[in-house]
Number of protein chains: 2
Amino acid sequence: MTQSSQINRRFVLAKRPQGMPTSQDIKLEEAPVPQPAAGQLLLRTLYLSLDPYMRGRMDDAESYSAPLAIGDVIGAGTVCRVEKSEHADYKAGDLVLAYTGWQDYALSDGSDVQKLDPNMQHLSYALGLLGMPGFTGYMGLTDIGQPKVGETVVVAAASGAVGSVVGQVAKLLGAKVVGIAGGADKCRYVTETLKFDACIDHKAPDFAEQLKKACSKGIDVYFENVGGAVFDAVLPLLNTKARIPVCGVISQYNGMNSAFEQDRLPLLMGTILKKRLRVQGFIISQDYSDSYPQFFKQMSQWLAEGKIQFREDIVDGLEHSVEAFRGLLSGKNFGKLIVKVAS
Amino acid sequence: MTQSSQINRRFVLAKRPQGMPTSQDIKLEEAPVPQPAAGQLLLRTLYLSLDPYMRGRMDDAESYSAPLAIGDVIGAGTVCRVEKSEHADYKAGDLVLAYTGWQDYALSDGSDVQKLDPNMQHLSYALGLLGMPGFTGYMGLTDIGQPKVGETVVVAAASGAVGSVVGQVAKLLGAKVVGIAGGADKCRYVTETLKFDACIDHKAPDFAEQLKKACSKGIDVYFENVGGAVFDAVLPLLNTKARIPVCGVISQYNGMNSAFEQDRLPLLMGTILKKRLRVQGFIISQDYSDSYPQFFKQMSQWLAEGKIQFREDIVDGLEHSVEAFRGLLSGKNFGKLIVKVAS
């Protein structure tokens with residue numbers, strides 16, 4: 001199935017995935033393109049964002065965003081063009097940031113979209129550096145992490161959408177930054193292009209030792225966005241009064257994949273006490289929406305000054321969304337993963 | 001051995017305890033009363049404070065206060081009278097707050113003591129309500145817990161020195177307060193005298209269920225000062241954006257006494273993320289020393305207005321310190337445990 005102006009292709013949740021989602025769980029459907037009623041807009045998806053949190057919404061479990069129902073279109077942030085407008089404030093051709101999900105077309109009453117500057121150089125940055133992932137990295141680091149000059153900041157998934165922003169902002173604030181990434185190519189990018197002080201390959205057999213060596217003065221801020229074995233290696237290196245903003249990949253916290261047989265909850269609570277740690281979870285959309293203008297202004301300025309690099313991994317064609325999403329969950333993307341749906 | 005003006009009785013760490021300390025671990029010694037040199041004071045202990053953190057210092061392990069060496073006098077906050085002074089700023093008869101430990105006499109150069117108001121009504125309150133435990137409860141609750149009007153605050157060891165302050169201050173700030181204590185007498189005291197909204201007996205077989213019922217709107221602030229089974233019951237009841245100040249009994253966090261066979265560290269981190277919790281350890285002496293005057297003024301005012309109750313459990317005689325300390329670690333004291341050493 002390719003793009004059409006009569007048919008709306010859309011991916012829906014057919015059944016709840018066990019582990020990695022497959023094309024049996026997320027199915028491609030076709031439907032007629034809907035027509036806007038009075039007060040409505042017809043939106044056409046140009047770009048859609050693929051992010052790890054989407055996996056959590058496919059489970060029928062309490063989480064920070066509501067679970068999808070069976071049959072729902074998979075939700076996603078999108079950049080859309082207004083195709084038809086029956087709404088006084090919008091005209092055909094306007095560009096908007098929306099949350100219309102994995103499909104070609106959607107209707108909106110205008111309350112859930114935000115106009116984008118048509119002169120914006122990288123339209124898809126609205127889903128990355130200047131959107132939810134960049135905002136997440138910036139606020140978690142500055143509001144909870146609060147790195148001071150000379151402190152050591154560690155961030156995993158360092159070449160990714162959130163991690164790359166965390167590390168570059170921490171450098172701009174004067175911290176020493178150690179990234180963690182999967183494989184030599186990503187690590188080289190992190191140190192050479194993003195200018196982190198070091199980057200450790202989590203696939204290396206002596207990963208924990210290398211991390212310890214790179215963090216010779218311990219860790220003052222650990223931006224938690226992956227969990228699992230990385231956190232296990234970080235925990236003993238944390239300094240007194242360290243801060244841990246937690247925005248991690250929830251699918252790794254299902255209690256099924258710990259390498260430890262004993263209960264380490266008492267160890268973690270004891271470490272929080274002894275080292276006087278601050279460990280704090282946050283969800284960008286719910287905790288910081290008032291701070292978005294401040295973030296946007298600061299990040300746009302850094303971008304204009306060439307102080308921030310941002311890499312995208314753009315997949316062409318809505319039909320490749322499931323495959324791209326599976327790659328994201330196993331770390332195959334290199335940079336912010338975006339699906340280009342239409343030009 | 002009884003009190004004497006020639007002999008200094010002192011308890012020293014003879015060997016490191018395994019579990020509950022015994023009189024083989026903490027031994028009573030005699031030594032001559034030391035004589036002050038120029039610039040020194042001779043202090044005589046009137047009251048000494050017994051607190052749970054002392055157990056941690058008996059282990060040879062990294063903790064928030066340095067471990068005692070074998071042969072050291074057991075450290076403790078004390079209220080002392082100046083017996084002899086060779087120091088210009090002090091005269092015999094002055095009353096001071098000190099940290100001279102489990103002994104009758106000690107020398108000081110004046111740098112580690114603080115003069116007390118001789119008109120103070122309850123001298124021993126300098127070790128309790130107006131001292132380290134009261135300050136701990138007040139700062140942990142107000143600075144990290146930040147209870148809002150109508151929120152639910154839970155505190156364990158609710159009849160104790162820290163817990164009783166946490167709960168009463170939370171009530172004064174407009175929160176609903178649920179205490180946890182051991183046994184019917186303590187629970188009655190907590191609701192009838194301290195005026196908490198409810199108090200649950202942690203010895204009850206249906207403790208977790210009772211706690212859930214008492215916290216019908218979930219828990220917004222859990223002041224962690226015990227750990228173990230209480231935390232296990234609290235964890236599933238925490239509301240989104242709950243705050244957990246951690247000043248807990250470190251001896252319960254040795255990883256040896258979990259009732260769970262699987263590793264719950266991923267569960268805890270997942271809960272921190274999903275519920276956007278703030279979990280923060282603190283050590284009153286290191287994190288908040290600048291705030292003591294503000295605390296002292298506020299608490300003294302509440303005390304004068306009859307808005308705060310404080311119960312002491314006073315043991316008469318230095319020689320009973322080990323027995324009293326063992327009772328503290330097993331919850332036998334009822335109120336702030338103090339040893340009266342001299343009149």
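Me: How are H2(A) and H9(A) oriented to each other, and why is that word used?

Reply: First, this is a predicted model. As a general idea, a pair of packed helices is described by two quantities, the angle between the axes and the distance between them. Here helix H2 (residues 132–145) and helix H9 (residues 292–304) of chain A have axes 10 Å apart and an angle of about 100°. Angles from 65 to 115 degrees count as roughly perpendicular, and therefore H2(A) and H9(A) are described as roughly perpendicular to each other.

Me: Which residues of H2(A) and H9(A) meet?

Reply: From H2(A) come A:Gly134, A:Phe135 and A:Tyr138. From H9(A) come A:Tyr292, A:Gln294, A:Phe295, A:Gln298, A:Met299 and A:Trp302. Sorted by type, the residues of this contact are six nonpolar, three polar and no charged.

Me: At what angle do the axes of helix H7 of chain A and helix H7 of chain B cross?

Reply: They cross at roughly 55°, and the axes come within 7 Å. In both chains H7 covers residues 265–274. H7(A) and H7(B) are therefore called oblique to each other. The contact uses A:Leu265, A:Leu268 and A:Met269 from H7(A), with B:Leu265, B:Leu268 and B:Met269 from H7(B). Its residues divide into six nonpolar, no polar and no charged.

Me: By what turn and what shift can chain B be laid on chain A?

Reply: A turn of 180° with a shift of 0.0 Å along the axis does it, and the RMSD is 0.0 Å. That is why the relation is the one given by a two-fold axis. In chain B, the C-alpha nearest the axis belongs to B:Asp263, at 1.9 Å from it. The same surface serves both copies, since 100% of the contact residues of chain B recur in chain A.

Me: Which domains does the assignment give for chain A?

Reply: Domain 1 is made of 7–128 + 311–340, and domain 2 of 132–285. The C-alpha centres of these two domains of chain A lie 29 Å apart. Their contact takes 16 residues from domain 1 and 12 residues from domain 2.

Me: What is there to notice about the phi of A:Lys195?

Reply: The background is that most residues other than glycine have a negative phi. A:Lys195 is not a glycine, yet its phi is positive, near 70°. A:Lys195 sits in the loop between helix H4 (184–192) and strand E10 (198–201) of chain A. Its relative accessibility is 55%, so A:Lys195 counts as exposed.

Me: What phi does B:Gln146 have, and where is B:Gln146 found?

Reply: B:Gln146 has a positive phi of about 40°, although it is not a glycine. The residue belongs to the loop between helix H2 (132–145) and strand E8 (152–155) of chain B. With a relative accessible area of 41%, B:Gln146 is partly exposed.

Me: Is B:Gln168 buried or exposed?

Reply: Buried means under 20% relative accessible area. B:Gln168 has 4% relative accessibility, so it counts as buried. Its place is in helix H3 (residues 161–172) of chain B. Leaving aside residues up to four places away in sequence, B:Gln168 touches B:Leu194, B:Phe196, B:Lys307, B:Ile308 and B:Gln309.

Me: How far apart are B:Leu328 and B:Pro52 in sequence and in space?

Reply: The two distances are separate things to read. B:Leu328 and B:Pro52 are 276 residues apart in sequence, but 7.2 Å apart in space from C-alpha to C-alpha. B:Leu328 lies in helix H10 (residues 321–329) of chain B and, at 13% relative accessibility, counts as buried. Not counting residues up to four places away in sequence, its contacts are B:Leu50, B:Asp51, B:Pro52, B:Asn333 and B:Leu337.

Me: Which residues does A:Ser343 touch, not counting residues up to four places away in sequence?

Reply: With those left out, A:Ser343 touches A:Leu46 and A:Arg81. A:Ser343 and A:Leu46 are 297 residues apart in sequence and 6.0 Å apart in space, again C-alpha to C-alpha. A:Ser343 is in the segment after strand E15 (336–340) of chain A. At 69% relative accessibility, A:Ser343 counts as exposed.

Notes: Residues numbered from 1 in each chain as written. Chains lettered and ligands numbered in written order. Predicted model: local features only at pLDDT ≥ 70, side-chain atom pairs only at ≥ 80, totals over all residues. Heavy atoms only, no water. Axes fitted to C-alpha atoms, helices over the stretch in contact; angles between N-to-C directions. Helix = DSSP H or I, 4+ residues; strand = E, 2+ residues; numbered from the N terminus. Parallel < 35°, antiparallel > 145°, perpendicular 65-115°, else oblique. Contact = heavy atoms within 4.5 Å. Nonpolar A, V, L, I, M, F, W, Y, C, P; charged D, E, K, R; others polar. Least-squares fit on C-alpha atoms with pLDDT ≥ 70 in both. Buried < 20%, exposed > 50% of the residue type's maximum accessible area, 1.4 Å probe, protein only. Domains from an automatic or database assignment.
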